[in-house]
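Hello, and welcome to my notebook. These entries go through what I looked up, one stop at a time.

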Amino acid sequence: MSTLATKTYNPQEIEPKWQKVWEEQQIYRTEDEEEGKPRFYALEMFPYPSGRLHMGHMRVYSIGDVISRFKRMNGYQVLHPMGWDAFGLPAENAAIQRGIHPRKWTLENIQHMKEQQKRLGVSYDWEREIATCLPDYYKFTQELFLLFYERGLAYRKKAAVNWCPSCTTVLANEQVEDGKCWRCDSEVTKKELEQWFFKITDYAERLLQDLEKLDGWPERVKTMQRNWIGKSTGAEVVFAIPEIGETVSVFTTRPDTLYGVTCLVLAPEHPLVPRLVKGKDTEAEVLAFVEQMRRESEIARTSADAEKVGMFTGAYAEHPLTGERIPIWIANYVLVDYGTGAVMVVPAHDERDFQFAKKYQLPIKVVIQNPERTLVAEEMAEAYVDDGVMVNSGPFDGLSSREGIKAVSQHLAELGKGGPAVSYRIRDWLISRQRYWGCPIPIVYCDRCGIVPVPKEQLPVLLPDDVVFDGKSNPLTTSELFVHTTCPRCQGPARRETDTMDTFIDSSWYFYRYTSAKDTERPFDPEKVKKWLPVDKYIGGIEHAVLHLLYARFFTKVLYDAGLVDHTEPFKSLLTQGMVIKDGAKMSKSKGNVVSPDEIVEKYGADTGRLFILFAAPPDRDLEWSDSGVEGCHRFLNRVWRLVEEHVHLFGAERPAPQVQDEASKALYRLTHATIKKVTDDIELRYHFNTAISAIMELVNGIQERKAVADSGTLAFAIETLLLLLAPFAPHITEELWHRIGHQESIHRQSWPKYDPAALEVDEVEIAVQINGKLRTKLTVPAKADKGEVEQLVLADDRVRTYIEGKTVRKVIVVPGKLVNVVVG
RNA sequence: GCCGAAGUGGCGGAAUUGGCAGACGCGCACGACUCAAAAUCGUGUGGUCUUUGACCAUGUGGGUUCGACUCCCACCUUCGGCACCA
């Protein structure tokens with residue numbers, strides 16, 4: 001001991017020191033060969049290597065690290081890896097603006113951010129590090145693309161797709177927020193392009209159903225996914241169009257209103273439109289209208305308060321049940337890519353249809369009668385959209401709406417004119433990107449063979465270096481070497497696909513790669529995946545609720561169907577951490593309210609920063625940054641340091657055993673065990689690190705209070721326990737102090753302390769005494785006293801007697817160990 | 001409009017199963033130490049009043065209960081998602 005002189009807490013010295021030791025001794029390496037130990041996969045969403053860490057990163061890593069360290073100390077074999085979501089636009093923009101190659105820019109950023117992470121003292125197994133932009137990773141992204149292709153889940157189609165003019169690339173629906181690009185906020189326009197899609201719609205139902213299984217997910221996220229998938233049940237109704245010998249289908253959630261149809265409306269882009277107007281007077285006008293609609297932005301067309309604009313095509317359909325002639329219109333408010341791109345208009349019972357009918361003087365026909373107040377078509381000021389009783393509906397008259405929905409659907413099915421149907425809001429995932437810094441799509445186009453996938457053995461299709469970054473066109477198209485290739489099938493000349501994949505594909509399977517990051521033969525080792533997956537605790541921001549988290553679930557289901565994984569959901573439990581707020585706004589460069597992890601580490605040390613972040617709020621809530629709060633946490637660590645330093649002498653060659661004879665020692669001993677229980681439960685059951693830390697603070701306060709009077713064994717026990725409990729939160733200071741009190745082995749290899757239930761027992765408890773529900777006094781009673789005895793003691797108390805004097809005691813409620821309520825009147 | 005989450009001191013937050021509202025920390029005030037300051041330590045700190053005590057307090061108004069921050073009903077506010085989705 002004498003070699004370690006008393007000194008002050010100096011995080012700048014001890015933090016790098018221990019980080020080096022941990023790295024050299026590889027104490028966080030995951031040995032998955034070790035059998036018989038329970039496993040735990042703790043995962044934080046891997047970052048985009050933008051250049052530097054921000055507080056949001058520090059927060060998510062701090063949370064993940066506490067969980068990992070806690071689980072390790074509790075005897076788990078923990079997988080806690082880190083990697084880089086390393087493809088993406090900013091790298092390419094840097095290339096355009098500053099002439100740095102995206103690869104160089106990205107790898108340098110990774111290097112820098114990795115060092116920042118190491119300074120935080122996070123316990124990663126760096127052996128498993130991955131970066132999605134490296135060929136040994138994206139080779140397998142390509143292999144998985146081929147798997148999707150083989151299974152018919154990757155296909156090409158021409159469609160009006162979202163185009164971000166600023167990023168000069170297309171975007172998936174999930175990546176358009178309020179009509180704007182999710183990354184750069186520019187207004188998204190529509191472009192007619194032939195693009196690659198993943199058939200996520202095939203999985204819509206399972207993605208929806210399986211949300212039920214995800215008990216460990218926040219309700220909020222599940223709701224967002226449900227909304228996004230947007231399932232509606234109803235019926236498909238087929239209308240014949242005799243004049244062109246075609247049919248048109250509509251989807252409706254209200255087949256019970258079918259007799260009220262007074263017109264059909266097709267989306268302007270509906271494929272039948274040109275044929276409907278061909279040769280008619282309306283042709284020129286209608287086609288011009290269609291053109292105009294195509295040009296209008298999505299936001300203008302789909303915002304709820306936009307005016308409904310339509311036009312009669314001159315064509316008629318036949319009502320499937322009555323044979324009536326139904327005029328066919330086109331209108332802006334009907335979307336081509338939802339349902340069938342056509343709707344039946346029932347003005348009396350749908351608000352939009354009502355407005356449309358009023359504007360264009362279409363007939364209104366009541367077919368659902370309001371049981372409360374009889375509806376008269378001519379007098380209606382708005383649509384009646386509630387349930388009611390069917391009228392004017394032929395054989396269905398008298399049925400309720402609910403019954404009618406079933407009966408009409410059934411009837412349509414029997415006639416072969418439709419039937420029960422389901423529609424989803426979710427669209428297929430557009431995965432093509434006209435950009436360089438992404439994973440090349442392993443496809444070639446051959447004049448003779450058509451679309452040919454690159455055989456697995458020829459992967460990876462490498463990103464070429466002879467490209468031009470001019471910010472105008474996709475750089476990949478500028479590489480002669482890349483574009484011109486030979487067809488893998490016929491060896492003839494062929495052209496490579498120059499689109500790269502959406503980077504959300506890279507991140508849809510990375511959590512599998514960590515289990516076998518160095519496997520050169522396959523994306524992952526199914527045996528190892530079986531051991532580790534699903535992820536036990538996944539931690540990240542809410543912003544990925546319907547992006548990454550939906551895509552990753554989709555991938556897992558496809559891999560399951562392909563027999564590559566044995567589970568259908570990748571993330572058993574999800575922790576969505578809140579934002580970091582300062583002065584009422586999210587920390588951001590533009591607001592100028594940024595505090596960087598680096599400056600906190602330099603000024604106070606990583607331990608202080610971590611402790612503050614975990615203490616200031618529960619992980620799922622927004623965290624209000626407070627400089628004085630950070631100071632407070634730093635003061636606390638200083639107090640811990642001094643407390644331990646003052647008592648180093650207790651930890652000599654032979655440790656004193658706790659005596660626990662006097663009252664102070666008993667109290668301290670009990671507090672120590674109570675703190676173990678509290679901290680353990682808070683971490684393990686609730687993930688409420690703020691209250692765990694406050695309990696540790698209370699333990700420190702309790703030790704301070706009794707350090708002069710408690711026996712040295714009890715004191716030593718309390719101090720040692722304190723360090724163990726604090727270790728997951730503040731790994732450096734606890735490691736240093738652990739060694740300073742004479743231990744040789746790392747504190748992070750110790751077992752988590754166990755509390756002794758017997759130690760929590762007390763002889764006497766203080767209970768609250770209420771008279772008629774109001775707190776009047778407190779009383780100390782023997783802990784073992786039964787309800788009757790407690791009641792006697794309370795009723796005999798002088799203060800209680802002054803309240804019940806002259807009144808009748810009607811009832812006495814005794815909550816053992818807590819409270820007594822005397823009801824008088 | 002529909003769905004979801006939340007609303008508690010000057011501030012961040014606590015109260016885990018319906019049982020002492022405000023733990024812990026910040027801030028503030030006073031005191032000790034000091035020539036002084038910083039640091040540190042100690043004490044106090046929801047509000048009101050007629051202050052050894054009582055009353056009022058968990059967004060608002062009702063309700064259930066011996067007892068409600070917690071459960072029920074209605075409403076208000078904030079945040080988030082979806083929204084002309086047929």
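**Entry 1: Ile326.** I began with Ile326, which counts as buried because its relative accessibility is 1%; buried means under 20% relative accessible area, exposed over 50% and partly exposed in between, with a 1.4 Å probe and protein chains only. I found Ile326 in strand β14, residues 325-331. Helices (H or I, at least four residues) and strands (E, at least two) are DSSP runs numbered from the N terminus. Not counting residues up to four places away in sequence, Ile326 touches Val261, Thr262, Cys263, Leu264, Ala315, Tyr316, Ala317 and His319, where contact means heavy atoms within 4.5 Å. I also noted that Ile326 and Ile241 are 85 residues apart along the chain, with 9.4 Å between their C-alpha atoms.

**Entry 2: ground rules.** I am reading a predicted model, in which local features need pLDDT of at least 70 and side-chain atom pairs count only at pLDDT 80 or more, while totals for chains, interfaces and linings use all residues. Residues are numbered from 1 along each chain as its sequence is written, chains are lettered from A and ligands numbered from 1 in the order in which they are written, and side-chain values use heavy atoms, with hydrogens and water left out.

**Entry 3: the whole chain.** I counted 26 helices and 34 strands in chain A. The C-alpha trace of chain A spans about 105 × 85 × 50 Å along its principal axes. Of its 825 residues, 55% count as buried.

**Entry 4: Cys133.** Is Cys133 buried or exposed? Cys133 is buried, since its relative accessible area is 4%. I located Cys133 in the loop between β4 (130-131) and α5 (135-150). Leaving aside neighbours within four places in sequence, Cys133 is in contact with Ala86, Phe87, Thr106, Leu107, Tyr138 and Trp437.

**Entry 5: the cores.** Next I looked up the largest nonpolar core, which has 173 residues, and Trp429, Trp625 and Phe729 touch the most other members. A nonpolar core is a set of buried Ala, Val, Leu, Ile, Met, Phe, Trp, Tyr and Cys residues joined through side-chain atoms within 4.5 Å. A second, separate core of 53 residues includes Val261, Met311, Ala377 and Leu412. Beyond its neighbours within four places in sequence, Phe729 is in contact with residues including Leu611, Leu614, Phe689 and Ile693.

**Entry 6: two helices.** Leu611, Leu614 and Phe615 in α19 meet Phe689, Asn690, Ile693, Ser694 and Met697 in α22. This contact has six nonpolar, two polar and no charged residues; Ala, Val, Leu, Ile, Met, Phe, Trp, Tyr, Cys and Pro count as nonpolar, Asp, Glu, Lys and Arg as charged, and the others, Gly among them, as polar.

**Entry 7: the RNA.** A backbone N or O atom of Leu335 lies 2.9 Å from a base nitrogen of the RNA strand B.

Key. Polar contact = N/O pair within 3.5 Å; in protein donor to acceptor, adjacent residues only side chain to side chain.
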